[in-house]
Protein chains: 4
Amino acid sequence: MAHVLGQNQYGKAETRVVRITRNGHRHEIRDLNVSVALSGDLDDVHLTGSNAHCLPTDTTKNTVYAFAKQYGITSPEAFGIQLARHFVDDTEPIHRARIRVEEYVWDRIATPDNSAKFIGSDEIGHSFVRRGTEVRTSEIVYDGSSVQVISGLKDLIVMNSTNSEFWGYIKDRYTTLQEAYDRILATQVTARWKFGFTGAEGEPEPNWDRSYGQVRRHLLEAFAETYSYSLQQTLFAMGNRVLDNRAEVDEVRLELPNKHHFLVDLEPFGLKNDNEVYYAADRPYGLIEGTVHREGVAPVIPVA
Amino acid sequence: MAHVLGQNQYGKAETRVVRITRNGHRHEIRDLNVSVALSGDLDDVHLTGSNAHCLPTDTTKNTVYAFAKQYGITSPEAFGIQLARHFVDDTEPIHRARIRVEEYVWDRIATPDNSAKFIGSDEIGHSFVRRGTEVRTSEIVYDGSSVQVISGLKDLIVMNSTNSEFWGYIKDRYTTLQEAYDRILATQVTARWKFGFTGAEGEPEPNWDRSYGQVRRHLLEAFAETYSYSLQQTLFAMGNRVLDNRAEVDEVRLELPNKHHFLVDLEPFGLKNDNEVYYAADRPYGLIEGTVHREGVAPVIPVA
Amino acid sequence: MAHVLGQNQYGKAETRVVRITRNGHRHEIRDLNVSVALSGDLDDVHLTGSNAHCLPTDTTKNTVYAFAKQYGITSPEAFGIQLARHFVDDTEPIHRARIRVEEYVWDRIATPDNSAKFIGSDEIGHSFVRRGTEVRTSEIVYDGSSVQVISGLKDLIVMNSTNSEFWGYIKDRYTTLQEAYDRILATQVTARWKFGFTGAEGEPEPNWDRSYGQVRRHLLEAFAETYSYSLQQTLFAMGNRVLDNRAEVDEVRLELPNKHHFLVDLEPFGLKNDNEVYYAADRPYGLIEGTVHREGVAPVIPVA
Amino acid sequence: MAHVLGQNQYGKAETRVVRITRNGHRHEIRDLNVSVALSGDLDDVHLTGSNAHCLPTDTTKNTVYAFAKQYGITSPEAFGIQLARHFVDDTEPIHRARIRVEEYVWDRIATPDNSAKFIGSDEIGHSFVRRGTEVRTSEIVYDGSSVQVISGLKDLIVMNSTNSEFWGYIKDRYTTLQEAYDRILATQVTARWKFGFTGAEGEPEPNWDRSYGQVRRHLLEAFAETYSYSLQQTLFAMGNRVLDNRAEVDEVRLELPNKHHFLVDLEPFGLKNDNEVYYAADRPYGLIEGTVHREGVAPVIPVA
């Protein structure tokens, strides 16, 4: 007996594309991981074995590479929008495309002592080193009429070594936690933020790269500057700060694992631990998640 | 300027609890990874620095351990339901609890030659070996009135070395894929299935362990027995098979990465590759996702 | 100024090859990850920019695929020996080859209810499911005159829920550990064992597959049957058991992380924890390593 | 029958210790992962079940924490030397200690616009962000008479987008690789370097932190500045550069995976790929390993 086919999507995930642009001796690099998910008139593919409406995942991969050449990669968002529009507008049975992009950032290798012999500058134009653990993310959805862009970052690891307290909470039968008046607050930020941009005709695209840099800066600064009574409070301050400063963003969602750093008990060794020696725990960890959005805007970023 | 706090939740993630039950020399083991996420009247925690409504994540961890002792762990689902009910029913500001559980399965170590001296059986009652890469999953949500249970599995890796074709698909400018009439089909199954169970008064709980074993069996058998024209078709057959056989389940969602095995071109070496030698690729991979549900049931399992 | 080039080697790492053998409807599968490391007369490659003595890593990869076709894969060890002999014997500047192989094991999917319609047996001959987290390993070294084979396994996770004690140890200023008279002993076995086989003319090869299965069995049984006063004692018993039972092996090295399972303190909740509820910790972990070898045999397996 | 116990060692692995030093509002942070391995008069521990000579791994963990308080952490190397000397000199049955340390580096969060209100500088003194994927490593061995220090780094990912060729290599039956005259050269550097330092009485310790920074700089510069005909040539240049510039180092070993970036064939789409669009492959990868050492120095860094 056949049951009902519900939401479905398919495409090539994790196509790794590196795009080099050569301006003489100075090269630019964009290093992306692109995942395509297509939906549409695909019932037959699932039910009858006919692939007549199926654009192969292999073709979506090829398209990523070809577009990298044809249009270049000016930003993950602009690249994703081009791809999403193409799949929906140019392939009859495809009605919706979701493009997810991860970007890995590279810095130039500085060679102050030696570089004059290369390009008369303090950098070598074709040599790069991967920056940070942090990954820039973007998700673009296009349904044939409007575009939705949710950008973000993950694996940005931060720590305040003071200015964090936690007390005054509920006590029940299972409470053993001691109240804390000066603790380490550390987390590995996953953030996603939605743009007001809808891709309407004539609507200018934000400066995606600049926007990313500024949102990241405001997240870091809000984390650093907030005197915290809970990670929830810090989360709200971070989301709020972004909305205060970036008009192009109307919703922010944050997932903040509380990467516990426990004070080690040194008393058995006759030593006093004056907030100096901590044990960085792996699991379990607190996990604090929340959305901050502008009044009047219906939030859309899904819960993980 | 303060913006609006949207959906938020918090709790201790990844509490690793192992529960041993000793029946004489024969021990039973349940090995879980439990993640708690609580929502409710928590605006002040985010906005004012007051934790008066905050049940600390540390307490949710303690509760997991205490419940393992007080009630035992008869199944991930039953254990999760108990926890979810407790957090909502016993803590005023908490209005919703989501419990996610991973279970790692252990087999007994068989020692046919030596065991008589231990317990007169062909197994040693206290010695175990971890089975498989596969993880059993469960998500329980309780909002004060009803319970929703979505169980599942992940990292179940399967392969058909024949009985898979792929042809007749859309060709466009970016198509290079050759049609295939006998290919390897391999995937790493992530499955989630929703139970009709709602936790109403007097409603009997399914036999969670038996249900899990049977759903798993039907997924495997449907994968093995389906002559496939696309992974989408296999996906639908797998979901359909579960619904056909397990009345307690009313929705199935599958995520099936197409773990490509490419035939190696051996012609440059003067050799013919008659579907014998394959290269197992890592990335990119096709990713096929879909829901199959009973008619009249509104699907609720979220898209990943 | 040029300094001295010391030990060096190169080759293609992690070539993933899957070999299917079709016996009618019943297929056999070997799934390997092969890494090649070659040494020899390679100074110029490093010093002058000449690649005249360099067999490209790409060619070593091609050779893996071609050999899988030409000779089949009867076992990781036999396949590795063939490859090692080829690189050294057939390429003048290459004087030593080290082949490392990981094998991933697949079981057949059992379909008792349905299979008659396929092949008149209780299994489908072309459908497989990956077994276990465990990986079979092998390292073959050939230097032009003799072969050395070190086989092994990793990620075999085992647990005894009783029959383990730990007490009577050194106490110093930094000791806080309580003595234990009934604890969980869990570990993730990495084992390597060296064969006496040297590849001399006319010397028969061991039955590699049977040997592997038996060594694995003896490791498991010795773990299960040893009443343990320390993981070191268990380690020695495991190595000893293999040497007692497998004449083809003359050295065993084991790396056993002590995967701590700590009894949770439930007293604050008014509960007694009678060796029932444990916290499975990630880090830190004890790490116990050791070699057991036959008298008169010089051990060669390197320390990790 | 009892066989022979060979090399053995044990200790607590991966103790995660974070040490904060507070200089008023400006905090310093060292974030380490410390693994201890002890050897000595330990036969009885393995053979008889007596732990009379066993310093528990739990105690080695406690010692790491206590020493972090007692002596601070001025560098991974100095900290490791203190620990190694302690275990051997203060525990009769322990004759050799190997301490491995990983260090994770944190940068301060810069907050140019807001920081005046904090500490009159452009940084907040207690807020940090994790730098890079790169990990600093160190291994200290002490046997009761001398100290050996091997420092290193891993996961330093670098790329040259030009100035790399590969041609003129051996061709055999299995060769298909095309010669390359302008390719991407990318690798993930694992480097270890041995110091001449032996810990003799009165011998001054190198400035470990400065040395690390300078070795890292020379590795990066040599990678960037070398016009490469093979990754082997680049490897030698990198090792040589360090020895040329850092007198305190007498041996360097490098493991350089060739992270292949393949030019995508865009011709099927009517496009020319002028070294612009690359596919970043995962596996297989070339793996180039080698040692460079000073004349007259016997190399000791083991092959991985």
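1. C:Asp155 is partly exposed, with a relative accessible area of 25%. Here buried means under 20% relative accessible area, exposed means over 50%, and partly exposed lies in between, with a 1.4 Å probe and protein chains only. C:Asp155 sits in strand β8 (residues 147–160) of chain C. Its phi is near 65 degrees, a positive value in a residue other than glycine. Most residues other than glycine have a negative phi, and most peptide bonds are trans.

2. A word on the basis. This is a predicted model, in which local features need pLDDT of at least 70 and side-chain atom pairs count only at pLDDT 80 or more, while totals for chains, interfaces and linings use all residues. Residues are numbered from 1 along each chain as its sequence is written, chains are lettered from A and ligands numbered from 1 in the order in which they are written, and side-chain values use heavy atoms, with hydrogens and water left out.

3. C:Asn275 also has a positive phi, near 55 degrees, and is not a glycine. C:Asn275 is in the loop between β11 (261–263) and β12 of chain C. With 14% relative accessibility, C:Asn275 counts as buried.

4. Next, the cis peptides. In chain C, a cis peptide bond links C:Arg283 to C:Pro284, with omega about -10 degrees. C:Pro284 belongs to the loop between β12 (277–280) and β13 (285–293) of chain C. In chain D, D:Arg283 and D:Pro284 are joined by a cis peptide bond, again with omega about -10 degrees. D:Pro284 is in the loop between β12 (277–280) and β13 (285–293) of chain D.

5. Now chain A as a whole. Chain A has six helices and 13 strands. Helices (H or I, at least four residues) and strands (E, at least two) are DSSP runs, numbered from the N terminus. The C-alpha trace of chain A spans about 75 × 70 × 40 Å along its principal axes. Chain A has 304 residues, and 63% of them count as buried. Take the contacts in chain A between residues at least 6 apart in sequence: 65% join residues at least 24 apart. Contact means heavy atoms within 4.5 Å.

6. Helices α5 (residues 208–225) and α6 (residues 231–245) of chain A have axes that come within 8 Å and cross at roughly 140 degrees. That makes α5(A) oblique to α6(A). Angles under 35 degrees count as roughly parallel, over 145 as roughly antiparallel, 65 to 115 as roughly perpendicular, and the rest as oblique. Axes are lines fitted to C-alpha atoms, for helices over the stretch in contact, and angles run from 0 to 180 degrees between N-to-C directions. The crossing of α5(A) and α6(A) is right-handed. On the α5(A) side, the contact residues include A:Val215, A:Leu219 and A:Phe223. On the α6(A) side, they include A:Ala237, A:Met238 and A:Val242. By class, the contact of α5(A) with α6(A) has seven nonpolar, three polar and three charged residues.

7. Chain C has a pair to set beside this. The axes of α5 (residues 208–225) and α6 (residues 231–245) of chain C come within 8 Å, crossing at roughly 140 degrees. That makes α5(C) oblique to α6(C). α5(C) passes α6(C) in a right-handed crossing.

8. How do the chains relate? Chain B superposes on chain A by a rotation of 180 degrees with 0.0 Å of shift along its axis, at an RMSD of 0.0 Å. That is the relation of a two-fold axis. In chain B, the C-alpha nearest the axis is that of B:Ala304, 3.9 Å from it. The copies meet through the same surface, because 100% of the interface residues of chain B are also interface residues in chain A.

9. Chain A can be laid on chain C by a turn of 180 degrees and a shift of 0.0 Å along the axis, with an RMSD of 0.0 Å. In chain A, A:Asp282 comes closest to the rotation axis, at 3.4 Å (C-alpha).

10. Finally, B:Phe269. B:Phe269 lies in the loop between β11 (261–263) and β12 (277–280) of chain B. B:Phe269 is buried, with a relative accessible area of 5%. Not counting residues up to four places away in sequence, B:Phe269 touches C:Asn62, C:Ala66, D:Arg173, D:Tyr174 and D:Thr176.

How values were computed: A crossing is left-handed if the near helix is turned anticlockwise from the far one by less than a right angle, and right-handed if clockwise. Copies are superposed by least squares on the C-alpha atoms of residues with pLDDT of at least 70 in both. Ala, Val, Leu, Ile, Met, Phe, Trp, Tyr, Cys and Pro count as nonpolar, Asp, Glu, Lys and Arg as charged, and the others, Gly among them, as polar.
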